[in-house]
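Work through the two exercises below with the sequence and the model at hand, and compare each step with the solution given.

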Protein chains: 2
Amino acid sequence: MNNVQEESLRDQKKNRRRRQILEIARGIIAAKGLRSLKVRDVAEAVGCSVGSVYNEFGDFDGVILTVNRETVQALTARLRGVPAEDPVRQLYGLAETYLDFFAGHANLLRSLFEHRMEDDRPYPDDILQMVMDAFALMHPPLVRLLPDADDVKIALLSRTLFSAVHGIISLGLEERMVAVPPQMLRQQIEQFLDVHLKGLGILPLR
Amino acid sequence: MNNVQEESLRDQKKNRRRRQILEIARGIIAAKGLRSLKVRDVAEAVGCSVGSVYNEFGDFDGVILTVNRETVQALTARLRGVPAEDPVRQLYGLAETYLDFFAGHANLLRSLFEHRMEDDRPYPDDILQMVMDAFALMHPPLVRLLPDADDVKIALLSRTLFSAVHGIISLGLEERMVAVPPQMLRQQIEQFLDVHLKGLGILPLR
DNA sequence: TACTCATATGAACATTGTTCAATTTAACTC
DNA sequence: GAGTTAAATTGAACAATGTTCATATGAGTA
């Protein structure tokens, strides 16, 4: 009995189309924002019927949520790529990598953080968990820098610090409002970390 | 010539209805979220036609934006009510007042920060400006605490600090995700300020 | 080939934002 | 107060968009 099922022609087409739908949807969100995403536009661009989108994702929220899931996965991958030799440098690296990712994919990040479900259906737990896990990536370097601190406190500190950085970036990149230039925002983040690490009794880089 | 124009019966009704529409719309957003706000629901609750909503606000975004405008005004009023005797206490007070307001009106705040315009029309400048002004309310106490610092730097610091607090609260109040309890969030904010003010060389309260 | 059933289709439907010709009504004139 | 005018109101019709489902298609199978 062979468990490694060969992919049938059916599954090939199904998976191929699934990828196509997500690619197109992501492209539209990235380029024109979540509010400009329309089922018919996606279906037409993919070259299938609207019904197929529904067969594959249940409803339109399903498409958005899957794009969001992949966004947080891509973000996490990028954050995991930050060098971990020096814990202080790692903290700065995480913040700056987040800034770069946010600046480069602002609409995708907004879709992740701002999309609300119809009615009062809850936002999928797994996505929220992935976001929390990403924000917990400051935990390891903080543990190294504060070896005597309670682990639970460090976990909270990690989420707090990352949430703070998120707030600064998220509002800083908000268009118009006197437009904080990206380079300035980078400096802003660095200075914020300088001060906060100093407050924690950690020697900053500079 | 009398410039103090007496309000005509027409204007009375017009203004009265305008207020009603906003009240109903605000109530729906607060109770069920922005995504549940429907023109017909508003019109029916007010007891007028959908056309009247359009006459008064141009389009539906106009209703939302006006509610958002009043939300940031109410927020600003609350923040201005924070005692200013002790600058350190004032900073904590601003953060905690923001937390209280956010916790008490989460859906209204989300509408303010998450609503995106149709197409690529810009979010009204005056609202963004009001948000920025609210976030600048940490400026005066910071000036008192850091009398030797450059005023431009303090302005940036004020926005940074408030944005950070916003990020912590905004994500902390995000439903589900292990649900940070309000009292815990309050502590989280306090500890965050403790550390950051210490990093700035300011003696914390405790 | 013939048969079966999962999948794809897209017209029809449901919901919701938007418009505008017709109607109502306040304000004004005599 | 009746008539006139202009502005506000109405709600049916329209437009845009999410959703469903009876039907058609085509891959798998004997």
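Predicted model: local features only at pLDDT ≥ 70, side-chain atom pairs only at ≥ 80, totals over all residues.

Residues are numbered from 1 along each chain as its sequence is written, chains are lettered from A and ligands numbered from 1 in the order in which they are written, and side-chain values use heavy atoms, with hydrogens and water left out.

**Exercise 1.** Determine which residues surround DNA strand D and which are the closest.

*Solution.* Begin with the residues near the strand (a heavy atom within 4 Å of it): there are 21, and the closest are A:Lys38, A:Val39, A:Arg40, A:Tyr54 and B:Ser52. Next, look for polar atoms: a polar side-chain atom of A:Arg40 lies 2.6 Å from a base oxygen of DNA strand D, whereas the side chain of B:Ser52 places an N or O atom 2.5 Å from a phosphate oxygen.

**Exercise 2.** Describe the contact between chain B and chain A, including its salt bridges.

*Solution.* Taking contact as heavy atoms within 4.5 Å, chain B and chain A contribute 42 residues each. Then apply the salt-bridge rule (a side-chain nitrogen of Lys or Arg within 4 Å of a carboxyl oxygen of Asp or Glu), which finds eight across the interface. One of them joins B:Arg116 to A:Glu174, with the closest N and O atoms 2.7 Å apart.

Definitions and conventions:
Polar contact = N/O pair within 3.5 Å; in protein donor to acceptor, adjacent residues only side chain to side chain.
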